[in-house]
Amino acid sequence: MFRSLRRALCAGAAALLLPLAGAGVHPADAAEAPGAGYWHTSGRQILDAAGQPVRIAGINWFGFETGNYVVHGLWSRDYKSMIDQMRSLGYNTIRLPYSDDIFKSSTVPNSIDFSSGKNADLQGLNSLQVMDRIVAYAGQDGLKVILDRHRPDAGGQSALWYTAAVPESTWIANLKALAARYKGQDTVVGIDLHNEPHDPACWGCGDTATDWRLAAQRAGNAVLGVNPALLIFVEGVQTYNGVSGWWGGNLMGVAQYPVQLDVAGRVVYSAHDYATSVAQQPWFGDASFPDNMPGIWDKYWGYIFKQNIAPVWVGEFGTTLASAVDQKWLAALVSYLRPTSTYGADSFHWTFWSWNPNSGDTGGILKDDWTTVDTVKDGYLASVKAPLFPGTGGGSGGGSPGSAACGAAYTVSSDWGSGFNAEVKVTNTGTAAISSWKVTWTWSGGRQVTTMWNASYTQSGATVTAVNAAHNGSVPVGGSVTFGFGGAPGGGGVPTVSCASA
C-alpha cells in the first residue's frame, strides 16, 4: 500500500561484502535436494517434479519495472556477483518485477556499468535479453525465479490490471510471451500476474471490469495454455466486504471465491504485508500489539494455509526497522511464517522486499554502497531461510565421481581497535560438488570470536573451527560461499586458513 516512495533511485559505490545468517534443513547430497523441475501444488504445499516439498525463501530485486528497464544496482556491480551474493546469504528465489514497457521495441536498458569487465555479456542487449541472462545465471546458482508483472508501464503502479494505454489484451499477450520465452527453462517456476491490485479492484463481485479474481482466472488460463507447468501466483486486493488492508494483501475472498484454473495444482495465493515505515494501519496502535498480529494475518490470508486450501506466498514484506514497532512487527511476522528448522517446507513462502537499498520506504538487504549487507535486517530472516535448489550448471558431470576440495580466503573488512569484522570466502577448488565444509585457523594473541553468521563455530584457545550453516554447505565446482564474524580485540593480522570438504 502507498507505494510511491518505494522506487526512489539512488546510486552507490562498491564496498566489502558482509553477509549474515541463514537457516534451513540441508540435504546430505545436493543431487537429492528438493526443487528440481517444474513445481505444482498439493493442499498448502508446493512440490517439485519428484513430489518433494519445497520452500520459497527469497528476495525481490526490482528495476525492470522502472525507467531503467533493468534490475537496479548494475551501475555499481556485475549482475553475476549480485546473484552469487544472494546465494551466499541463503536466498533461494528471486522475484523480478517488470512493466509491460520492456516488451516495446523502443525500450533500451540504461544505467549499466560496463567498465573493468563488469556486465560484459549484457552489452547491446535489450531488457528481455538481459532478463534471459539473469534467469540463466540464477538457475546455474541454484535459485528459482518468479516473474512479477508489477506495472503496466514504468510510470507507476495501477489499481487494476489494465489502463487505457495498456489494455487487458496487452497484459495477457505479454504474459503469454513470457510463458513461451521461458518454456522448458524450469528456473522460472511461475508468474505473479499483477502487483498489488487495489480499490476499485474487487474479489468475487462479478464485474468483469473490476473483479480481480475473474481477471486472474482469464490470465492464468492463458499462461497455462502456453506452459501448463507454471505456477500462477495471484495476489489479493485491498478491500473485501468493506474490510480494507494493504494493497494486494486482502485474500479474504478466497474462502468463498477461489481462483479456479483449467490446470489443477497451479494456484499460489500471494499476500503483501508491511510495517509503519510504509504506512500506518489500525493494528499497529492496538494495545495488544504485536500479540494481535497472528490474528490479523489469519483473517487476511493465513487461513488459506492453515485450512489447507492452497500455498501462501508473502511476495513482499519489508521495513526500514527504524522504529520499535517495526522491529516487533518483523519479528512477529517471521515467527508466523514458521521456522524451517521446525516445519521444513510445510511453511509459508516468502520473498523479502527488497534486495535493493534504494527502496524509499523500506531500504533493502544491501546498504547504499550496493555491496555491504544490512546484517541486522538479514538476521531477522535467518530462521525462515531454506535450502537452495539444484543448479542447472557446473557440477562434476558423469563418469568418475571426481574429488572434493576447497580453499578459503580470510579478509578483515573493518577494524576499530577494540574489535573487528572479517569474512571468509570458501571456494570449491575440486572436481566434484561438495555438500559440507569446515574452515580452521589459529590466531596469534588472545583474540575471541564474538559472533558469527552463515556458519557455526567452536574456539579452543586461539584455534577457531567454522562449519557451514544448513543453507550453504553445498557448493558446486568453481562456486563460492561466504561467512562472516566479529571478533575482539582488533589490530591482528590475517592468519593462515585451511579448508576441508566432504
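How many helices and strands does the secondary structure of the protein chain comprise? In this predicted model, the secondary structure of the protein chain amounts to eight helices and 21 strands. The legends below describe the chain as a whole and then selected close-up views.

**Figure 1. Overall dimensions and burial of the protein chain.** Along the principal axes, the C-alpha atoms of the protein chain fill a box of roughly 75 × 60 × 40 Å. The radius of gyration of the protein chain is 22 Å, which agrees with the value near 23 Å that a compact globule of 502 residues would have. Of the 502 residues, 59% count as buried. Among contacts between residues at least 6 apart in sequence, 76% join residues at least 24 apart.

**Figure 2. The largest nonpolar core, viewed around W301.** This core has 109 residues, and W61 and W301 are those with the most contacts inside it. With neighbours within four places in sequence left aside, W301 is in contact with G249, L251, A271, D273, V312, V314, L333, Y336 and F348. In soluble globular proteins, nonpolar side chains tend to be buried together.

**Figure 3. The disulfide between C406 and C499.** The sulfur atoms of C406 and C499 are 2.0 Å apart and form a disulfide. The link is left-handed, with an angle of -105° about the S-S bond. Distant parts of the chain are linked by this pair: C406 belongs to strand 14 (residues 406-415) and C499 to strand 21 (residues 497-501), and the two cysteines are 93 residues apart. C406 counts as buried because its relative accessibility is 12%, under the 20% limit.

**Figure 4. The disulfide between C202 and C205.** A disulfide joins C202 to C205, with an S to S distance of 1.9 Å. Is each of these cysteines buried or partly exposed? C202 has 13% relative accessibility and therefore counts as buried, whereas C205, at 45%, counts as partly exposed. The cut-off for burial is 20% relative accessible area. The model has two disulfides in total. When the bonded cysteines of the protein chain are numbered in sequence order, the pairing reads 1-2, 3-4.

**Figure 5. The loop that holds N241.** N241 is located in the loop between strand 9 (239-240) and strand 10 (243-244). The relative accessible area of N241 is 66%, so this residue is exposed. N241 and G204 are 37 residues apart in sequence, and their C-alpha atoms are 9.9 Å apart in space.

**Figure 6. Strands 5 and 6 as a parallel pair.** Strand 5 (residues 93-99) and strand 6 run parallel and are joined by seven bridges. Across this pair, Y98 stands opposite R149 of strand 6. How many of the eight residues of strand 6 (residues 144-151) are buried? Eight of the eight are buried, and strand 6 is thus described as mostly covered. In a regular strand, side chains alternate between the two faces of the sheet.

Technical notes. Residues are numbered from 1 along each chain as its sequence is written. This is a predicted model: local features need pLDDT of at least 70, side-chain atom pairs count only at pLDDT 80 or more; totals for chains, interfaces and linings use all residues. Side-chain values use heavy atoms; hydrogens and water are left out. A disulfide is a pair of cysteine sulfur atoms within 2.5 Å. Buried means under 20% relative accessible area, exposed over 50%, partly exposed in between (1.4 Å probe, protein chains only). Helices (H or I, at least four residues) and strands (E, at least two) are DSSP runs, numbered from the N terminus. A nonpolar core is a set of buried Ala, Val, Leu, Ile, Met, Phe, Trp, Tyr and Cys residues joined through side-chain atoms within 4.5 Å. Contact means heavy atoms within 4.5 Å. The radius of gyration is taken over C-alpha atoms; the globule rule is 2.2 Å times the number of residues to the power 0.38. Two strands pair if DSSP finds at least two bridges between them.
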